[in-house]
Amino acid sequence: MAKLHVLFENGNPERIIEFDPAKAPFQHDGLPGSLLDVLLAHGVHLEHACGGNCACTTCHVIVKSGTEHLSEAEENELDLLDKAPGLTPTSRLGCQAVIQDDCELTIRIPRFTINTA
Ligand code: FES
């Protein structure tokens, strides 16, 4: 089982999601097993204006720990991230960052997103 801690800049209380990465996909938006896939399937809203197709930046999240358990960012994701408000060295697009194994991760969901699609 994997454990995902979700922190919210908007002041919502932390959520902790436990799930089995091997059971992905959990719903239909974003790459199977991506942060977006897991969050939406567990009732945590994350903006995803392009439907999880790596064509906006609304699913921007900041990885606080466990980044080594996520898939590597591809060129297209990195190009889009450059446009994300509040970009950090550990920023990822939630629809593209796939949780690769049983692990523990912490992410923060920014207060603001901008739809560049
Ligand atoms: S939902 Fe648009 S890039 Fe992730």
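Phe-26 counts as partly exposed, because its relative accessibility is 26%. The classes run as follows: buried means under 20% relative accessible area, exposed means over 50%, and partly exposed lies in between (1.4 Å probe, protein chains only). The model is predicted, so local features need pLDDT of at least 70 and side-chain atom pairs count only at pLDDT 80 or more, while totals for chains, interfaces and linings use all residues. Residues are numbered from 1 along each chain as its sequence is written, and side-chain values use heavy atoms, with hydrogens and water left out.

How many aromatic pairs does the count give? It comes to one. Rings of Phe, Tyr and Trp (its six-membered ring) pair if their centres lie within 6.5 Å; planes under 30 degrees apart count as stacked, over 60 as edge-to-face, and the rest as tilted. The centres of the Phe-19 and Phe-26 rings are 5.8 Å apart and the planes stand at 85°, so this pair is edge-to-face. Phe-19 has 4% relative accessibility and therefore counts as buried.

Now step back to the fold. The protein has two helices and five strands. Helices (H or I, at least four residues) and strands (E, at least two) are DSSP runs, numbered from the N terminus. Along the sequence the pattern reads β-β-α-β-α-β-β. The radius of gyration is 13 Å, close to the 13 Å that the globule rule gives for 117 residues, so the protein is as compact as a globular protein of that length. That radius is taken over C-alpha atoms, and the globule rule is 2.2 Å times the number of residues to the power 0.38. The C-alpha trace spans about 35 × 30 × 25 Å along its principal axes. Of the 117 residues, 44% count as buried. A contact means heavy atoms within 4.5 Å. Among contacts between residues at least 6 apart in sequence, 65% join residues at least 24 apart.

Next, the strands. Two strands pair if DSSP finds at least two bridges between them. Strand E3 (residues 60-65) pairs with strand E4 (residues 91-93) in the antiparallel sense, over three bridges. Here Val-61 stands opposite Arg-92 in E4. E3 also pairs with strand E5 (residues 104-109), again antiparallel and over three bridges. In E5, Thr-106 is the bridge partner of Ser-65.

Which residues touch the most other members of the largest nonpolar core? They are Leu-4, Val-6 and Leu-39, in a core of 28 residues. Two or more residues each come from strand E1 (2-8), strand E2 (15-19), helix H1 (35-41), E3, helix H2 (75-81) and E5. Such a core is a set of buried Ala, Val, Leu, Ile, Met, Phe, Trp, Tyr and Cys residues joined through side-chain atoms within 4.5 Å. In soluble globular proteins, nonpolar side chains tend to be buried together. Leaving aside neighbours within four places in sequence, Val-6 is in contact with Glu-14, Arg-15, Ile-17, Leu-39, Val-44, Ile-107 and Ile-109.

Return to Arg-92 in strand E4. Is Arg-92 buried or exposed? Arg-92 is buried, because its relative accessible area is 7%. A polar contact is a pair of N or O atoms within 3.5 Å; within protein, one must be able to donate a hydrogen and the other to accept it, and residues adjacent in sequence count only if both atoms are side-chain atoms. The Arg-92 side chain makes one with the side chain of Glu-77, at 2.7 Å. The Arg-92 side chain also reaches the backbone oxygen of Ser-71, at 2.7 Å. Not counting residues up to four places away in sequence, Arg-92 touches a set that includes His-60, Val-63, Leu-70, Leu-81 and Ala-97.

Ser-71 lies in the loop between E3 and H2. Ser-71 is buried, with a relative accessible area of 12%. The Ser-71 side chain reaches the backbone oxygen of Gln-96 at 3.3 Å. Beyond four places in sequence, the contacts of Ser-71 include Arg-92, Ala-97, Val-98 and Gln-100.

Finally, two exposed residues. Asp-82 sits in the loop between H2 and E4. Asp-82 is exposed, with a relative accessible area of 59%. Its C-alpha atom is 9.1 Å from that of Thr-57, 25 residues apart along the chain. Met-1 is in the segment before E1. Met-1 counts as exposed at 56% relative accessibility. The C-alpha atoms of Met-1 and Cys-56 are 30 Å apart, with 55 residues separating the two along the chain. Not counting residues up to four places away, Met-1 touches Glu-18, Phe-19, Asp-20, Asp-102 and Cys-103. Phe-19 is also one of the two rings in the edge-to-face pair.
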